[in-house]
Amino acid sequence: MTRSDSPAEDERRQSSAAKPSADACEPTQRRVAARVAVTGYGIVSCFGRGKAAALDAIRNARSGVRTITSIDSSSLACRIAGEVPQDAHEGLHRGYDRFTRFALIAADEAMEQSRFSTTDPTRFGSIIGTGLGGCETQDASYRRLYKDDQSRLPPTAIAHSMYNAAASAVATKNQARGASYAVVSACASSAHAIGQAFHAIRSGSLDAALAGGADAPLTYSIIRAWESMRVLAIDNENPAAACRPFSNDRKGLVLAEGAAVFLLESFESAIARGADILGEIVGFGITSDAGHVTDPSADGASRAMQMALDDGGLTIDDIDYINAHGTGTRANDSTETAAIKNVFGERADAIPVSSTKSLHGHAMGASGAIEIAVSLAAIAEGLVPPTINLTDPDPACDLDYVPNAARSVQVRTFLSNSFGFGGMNGVVAIRAGRGN
Amino acid sequence: MERAEIEQALIEIVRNEKKLPDDTLAPDTALADAGIDSLDALSILFAIEERFRISIPDDRARAMKTFGDMIAIVEELTGAAPA
């Protein structure tokens, strides 16, 4: 319907058009950004709070996987995880679900490092991926209802458990009044969040964004659910050796938690305010397998990697390192290896590929962001992160996985792979340092 | 339960939900003026119901504007004061 049937209504419209209200919105100024810089990032993980703790662990090939202490794990079959140590978050941002607290802690570090202060909050966004949202709140609610036989729940249960709770809290804390939302695509959530923020800035719909991911899935019910899938590495006596990607003696994946958040802004803005440019998001690939819900497809993964290259105007020769999804399950490791070979052909043999999940476990929707963060931190020191526990190479996995020790390599551009349940794939291409 | 005990318990509940300067909770303190927003108020009501094992009807909750109203409602519903 293009016109009103009511003259009175037409008149009212014209009147309101002629006399805008005092708080009428200004027209949006669209500023297309040719390039998108990383000027700050933060991480909280099983290594502790901050980039320095993560870098120390990566440099020394030291696992952060440990016995779970945040919940009573005594009756669980799997009692290990990449759990964030208590002293990394205690007392910080109380009054939120655990996953939101992690996002806020990581965003604080990103903001502090970037020294970013928006001149236009309406063009500053908060895009935070999560696979599972407010698990702590949901678990406590279900326990109360079903186990403790209570009939009522805290009135904050919805606000704390909703999937966009972290994106909302990060937006509010940092006064990001532009596009802000959660991205939910299982283990690809934060790769997709970073990709979405990158495209929003590049296309001119945002000037800057806090983008990343957060998850805190170490609850009784979530661990029980993962146990029933029979994909967890259960090595309660030796947690650090549990996650063994690309190794024939692999045992499965190790659950983890944490967050990483990046301050992304246009190069123009970063240069104008004299910010240190720590890296550049150069390409993003996003595909769907439209196949099996849990079995990954090499086709979907390959297309995502190729799309990230094409999106960034990159060729296979530009890529010096690949941070693999590398969960440590047989299905992932061989499929991902095949996908890398599909895209890179013979060059695949010359590219270091590593799974930092071997060190920090699988932080679900936060994993892509955490992996980009630890890669950037290592690359800034002239290192590529290792794949630890790779003692018995799987014949189906025959790339250079940087086994067991970080390696001195100058990396200019790398890919970060994330492949989620539901067949949802996200690949981010990142240029380290200032680029050219 | 004596009124003074109820008042002390309510102060603890409110302060547990919301950081307030020490001298802000007098019977005539308007909850909104103390910075207690609608979600804080719901959490406080929930904690009161848990602590005193009472159920505060919605219309009574909506009518609770000051800290004094809060004390009076709890007194009434716990039988500490005549309705």
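This is a predicted model: local features need pLDDT of at least 70, side-chain atom pairs count only at pLDDT 80 or more; totals for chains, interfaces and linings use all residues.
Residues are numbered from 1 along each chain as its sequence is written, and chains are lettered from A in the order in which they are written. Local features need pLDDT of at least 70, side-chain atom pairs count only at pLDDT 80 or more, and totals for chains, interfaces and linings use all residues, while side-chain values use heavy atoms, with hydrogens and water left out.

The largest nonpolar core holds 52 residues. A core here is a set of buried Ala, Val, Leu, Ile, Met, Phe, Trp, Tyr and Cys residues joined through side-chain atoms within 4.5 Å; buried means under 20% relative accessible area, exposed over 50%, and partly exposed in between (1.4 Å probe, protein chains only). Helix α13 (residues 367–380) of chain A supplies the largest share of this core, 9 residues; helices (H or I, at least four residues) and strands (E, at least two) are DSSP runs numbered from the N terminus. Among the residues with the most contacts inside the core are Phe47(A), Phe262(A) and Leu376(A). Beyond its neighbours within four places in sequence, Phe47(A) is in contact (heavy atoms within 4.5 Å) with residues including Ile58(A), Leu359(A) and Val374(A). Another core, of 29 residues, lies apart from it and includes Val84(A) and Val261(A). In soluble globular proteins, nonpolar side chains tend to be buried together.

Over all chains, 6 aromatic pairs are found. Rings of Phe, Tyr and Trp (its six-membered ring) pair if their centres lie within 6.5 Å, and planes under 30 degrees apart count as stacked, over 60 as edge-to-face and the rest as tilted. Tyr41(A) and Phe262(A) are stacked, at 5.6 Å centre to centre and 20 degrees between the planes. Tyr41(A) lies in strand β1 and Phe262(A) in strand β8 of chain A, so the pair ties together parts that are 221 residues apart in sequence. Tyr41(A) is buried at 5% relative accessible area, and Phe262(A) is buried at 2%.

The charged end of Lys51(A) sits over the ring of Tyr41(A), 4.7 Å from its centre; the rule asks for NZ of Lys or CZ of Arg within 6 Å of the ring centre and within 35 degrees of the ring normal. Lys51(A) also meets Glu109(A) in a salt bridge (3.0 Å, N to O), defined as a side-chain nitrogen of Lys or Arg within 4 Å of a carboxyl oxygen of Asp or Glu. This pair links helix α2 and helix α3 of chain A, 58 residues apart, and both Lys51(A) and Glu109(A) are buried.

The count over all chains is 26 salt bridges. One of them joins Asp207(A) and Arg123(A), with the closest N and O atoms 2.7 Å apart. In chain B, Arg3(B) and Glu75(B) form a salt bridge (3.1 Å, N to O), which links helix α1 and helix α4 of chain B.

The contact between the chains takes 8 residues from chain A and 6 residues from chain B. About 600 Å² is buried between chain A and chain B, with carbon and sulfur atoms giving 57%; buried area is the accessible area (1.4 Å probe) that two parts lose on being put together, summed over both. Between these chains there are 2 salt bridges, and Arg144(A) forms a salt bridge with Glu50(B), the closest N and O atoms being 2.9 Å apart.
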